[in-house]
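Here is my note on the model you asked about. Please read it with the sequence and the structure open beside you.

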Amino acid sequence: LEDLCELAFKPNGAICGWQMALGKSRLAVSLALLLNGKSLLVLKSRLVPEMDNEMKVLGITDYKIIRTLSDTQQLSKINIISYERLKMAVDRRFPKLTLAKFLRKKIKNVLCDEGGLLANQFSQQSKAVWALGAKRRYILDGTPSPNYPREMQNLAAFVAGQERAYQPYSMYGGFIEKRLFNSGEFQPTGR
């Protein structure tokens with residue numbers, strides 16, 4: 001319960017690095033129910049049926065599994081999608097028109113199970129999740145940094161956002177310029 005509260009109070013999101021079988025899926029569902037706005041749980045495709053079963057076991061009915069474009073028209077409090085579906089093109093004639101583009105700005109909270117997949121900023125999965133433009137972003141993974149510490153930079157930038165006065169690190173902008181201590185005129189703006 002303490003971890004749930006701590007994660008919920010983070011203004012932009014956070015990374016939860018619990019080990020396997022400690023309840024990350026239930027934590028994600030609890031966070032999605034606790035946070036304001038619509039939430040999107042992004043899972044590996046093999047975990048979607050398990051999450052569907054978990055929702056039924058918990059007795060939660062206000063959720064939707066997104067499989068096609070028509071599922072994005074009427075969203076529920078909790079929405080579930082796989083990484084593969086999120087990056088999938090809606091129409092083969094337009095390969096850059098993905099489900100992530102249709103969900104952009106409709107989702108306030110994104111919770112990525114097995115979020116270590118986002119360590120590669122150039123992968124289609126990472127680009128699709130970043131394209132959602134959510135206000136709060138959470139990564140839940142047993143091993144968020146399995147190989148090198150540098151893999152954490154993209155994950156940290158995903159949950160904390162790009163550089164701001166309170167968060168000087170970024171994937172693209174580097175550290176804060178000294179001019180920003182006197183004025184915010186030179187600060188790149190977000191959305």
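**Notes on the model**

1. Helix H7 has five names on its buried list: Asn154, Leu155, Ala157, Phe158 and Val159. Buried means under 20% relative accessible area, exposed means over 50%, and partly exposed lies in between, with a 1.4 Å probe and protein chains only. Helices (H or I, at least four residues) and strands (E, at least two) are DSSP runs, numbered from the N terminus. The cover over the buried residues of H7 includes E1, strand E7 (109-113), H6 and E8. After H7 comes Gly161, with a positive phi near 90°.

2. A word on the source. The model is predicted, so local features need pLDDT of at least 70 and side-chain atom pairs count only at pLDDT 80 or more, while totals for chains, interfaces and linings use all residues. Residues are numbered from 1 along each chain as its sequence is written, and side-chain values use heavy atoms, with hydrogens and water left out.

3. The overall picture comes next. The protein chain has seven helices and eight strands. Of its 191 residues, 42% count as buried. Take the contacts between residues at least 6 apart in sequence: 66% of them join residues at least 24 apart. Contact means heavy atoms within 4.5 Å.

4. How do H6 and H7 pack, and at what angle? Helix H6 (residues 124-131) and helix H7 (residues 152-160) have axes 11 Å apart, at an angle of about 15°. Axes are lines fitted to C-alpha atoms, for helices over the stretch in contact, and angles run from 0 to 180 degrees between N-to-C directions. The two helices are therefore roughly parallel to each other. Angles under 35 degrees count as roughly parallel, over 145 as roughly antiparallel, 65 to 115 as roughly perpendicular and the rest as oblique.

5. On the residues between these two helices: Ser126, Val129 and Trp130 of H6 meet Asn154, Ala157 and Phe158 of H7. By class, this contact has four nonpolar, two polar and no charged residues. Ala, Val, Leu, Ile, Met, Phe, Trp, Tyr, Cys and Pro count as nonpolar, Asp, Glu, Lys and Arg as charged, and the others, Gly among them, as polar. Asn154, Ala157 and Phe158 are also on the buried list of H7.

6. The largest nonpolar core has 25 residues, and those with the most contacts inside it are Leu31, Leu41, Met55, Ile78, Ile80 and Leu111. A nonpolar core is a set of buried Ala, Val, Leu, Ile, Met, Phe, Trp, Tyr and Cys residues joined through side-chain atoms within 4.5 Å. Among the elements that give two or more residues to this core are helix H2 (24-34), strand E2 (39-43), helix H3 (48-58) and strand E4 (78-82). H2 gives the largest share, five residues. A second, separate core of 23 residues includes Val42, Tyr83, Leu86 and Ala128. In soluble globular proteins, nonpolar side chains tend to be buried together.

7. Ile80 deserves a look of its own. Apart from neighbours within four places in sequence, its contacts include Leu41, Met55, Tyr63 and Ile65. Tyr63 and Ile65 are also the residues that Asp52 contacts, again leaving aside neighbours within four places.

8. Arg26 is placed in helix H2. At 42% relative accessibility, Arg26 counts as partly exposed. Beyond neighbours within four places in sequence, Arg26 is in contact with Glu54, Val57 and Leu58. Arg26 and Leu58 are 32 residues apart along the chain, and their C-alpha atoms are separated by 9.1 Å.

9. Most residues other than glycine have a negative phi. Lys105 has a positive phi of about 65° and is found in the loop between H5 and E7. Lys105 is partly exposed, at 45% relative accessibility. Glu114 has a positive phi near 55° and is found in the loop between E7 and H6. Its relative accessible area is 24%, so Glu114 too is partly exposed.
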